[in-house]
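Dear colleague,

My findings on its helix packing and its pockets follow.

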Amino acid sequence: MKFIKSGSALTLRTRMLGTLFLLPALLFVGATMIVPIGWNAALSFATWNGMGAMKAAGWSNYATFFQDPVTLKGFYYSVFIAVASTAIAVFTGLLLALAIHRVGRKEGAIYRFVFFAPAMMPLVVIGLLFTFILSPDTGLLNGILRAIGLQSLEHAWLAEPGIVLWTIAVVGGWRFSGFVMMLAYTAIVSLPGSMFEAAKLEGLGYVRQARMIILPLIMPTIRLVTMLMLILSFKTYDIVWAMTKGGPGDFSRTVPVRMLDVAFRYNEFGYAAAISVMLTIVVSLIIALSRKLTKGNVYEY
């Protein structure tokens with residue numbers, strides 16, 4: 001009986017100590033995430049210019065949202081860029097991971113560094129870099145197209161309404177492909193080598209090994225990186241502002257750009273908060289839908 005009591009007391013002390021260690025992290029998360037989210041949700045039901053007293057507005061900010069064509073188009077632009085850049089990043093990252101795994105661990109080290117390097121660069125730096133690369137007159141891309149006789153493929157990549165969203169999506173996908181590559185490569189090298197030896201004995205080439213063994217077994221990692229890429233790709237303010245500033249016209253004015261314009265240019269903080277709430281809802285729905293679409297069998301080995 002004494003042993004049970006002492007064990008219970010030890011368990012209680014351990015839980016209290018664990019809670020004490022977790023308390024600073026919980027306070028930090030609450031102060032930086034929970035409180036701002038709650039404040040933003042409350043602000044979306046008010047009008048405030050940033051200086052005077054807030055006034056209750058009810059659902060008027062949300063009614064304005066559904067009647068604002070610029071904001072609604074911004075949601076389309078954000079969703080398009082997020083989905084396209086995520087698809088590009090995941091597809092390219094998986095191809096790179098499979099190729100580097102084929103090369104070998106030691107030989108592929110330099111390739112892992114080269115392809116992962118863009119993921120370490122700030123989005124603003126990448127945006128400014130591609131502003132010069134994609135310049136219509138002096139840009140590197142159009143210069144290469146002219147040099148090889150493909151003048152018909154030259155474009156004002158950041159100034160044509162039908163191309164600008166694809167351009168931003170490709171740049172964003174290229175930037176995050178190295179991140180996807182590292183996670184996928186880590187998952188691949190954790191697979192037992194005996195499976196690949198058995199596959200070779202059965203006469204399977206590397207392409208069939210990738211399709212029948214590697215990709216099914218790393219599917220949980222693929223789903224994880226897809227979710228991460230969707231979340232990151234919706235944060236399109238930095239790269240869009242560096243490359244186009246929302247132009248030409250409003251053809252790349254994504255939700256983050258529109259939201260900051262509403263808040264800090266027009267001083268409509270309540271309406272900006274309502275836009276952010278709707279963005280959170282849309283992102284949550286898209287992530288839930290993508291999880292459902294990518295859901296499949298989980299294989300054990």
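In what follows, two residues are in contact when they have heavy atoms within 4.5 Å of each other. Please note that the model is predicted.

I begin with helix 9 (residues 206-217), which packs against helix 3 (residues 69-103) at an angle of about 120°, the axes lying 12 Å apart. This crossing is right-handed. On the helix 3 side, Leu 98, His 101 and Arg 102 take part, and they meet Tyr 206, Ala 210, Ile 214 and Leu 215 of helix 9. By class, five of these residues are nonpolar, one is polar and one is charged.

Helix 9 also packs with helix 8 (residues 193-201); their axes come within 11 Å and cross at roughly 160°. Since angles over 145 degrees count as roughly antiparallel, helix 8 and helix 9 are therefore roughly antiparallel to each other. Their crossing, too, is right-handed. Here Met 195, Phe 196, Ala 199 and Lys 200 of helix 8 meet Gln 209, Ile 213, Ile 214 and Leu 217 of helix 9. This contact comprises six nonpolar residues, one polar and one charged.

Helix 1 (2-43), helix 12 (255-265) and helix 13 (269-293) each contribute at least two residues to the lining, and helix 13 provides the largest share, nine residues. The lining consists of 19 nonpolar, four polar and one charged residues.

With kind regards

How values were computed
Residues numbered from 1 in each chain as written. Predicted model: local features only at pLDDT ≥ 70, side-chain atom pairs only at ≥ 80, totals over all residues. Heavy atoms only, no water. Axes fitted to C-alpha atoms, helices over the stretch in contact; angles between N-to-C directions. Helix = DSSP H or I, 4+ residues; strand = E, 2+ residues; numbered from the N terminus. Left-handed = near helix turned anticlockwise from the far one by under 90°. Nonpolar A, V, L, I, M, F, W, Y, C, P; charged D, E, K, R; others polar. Parallel < 35°, antiparallel > 145°, perpendicular 65-115°, else oblique.
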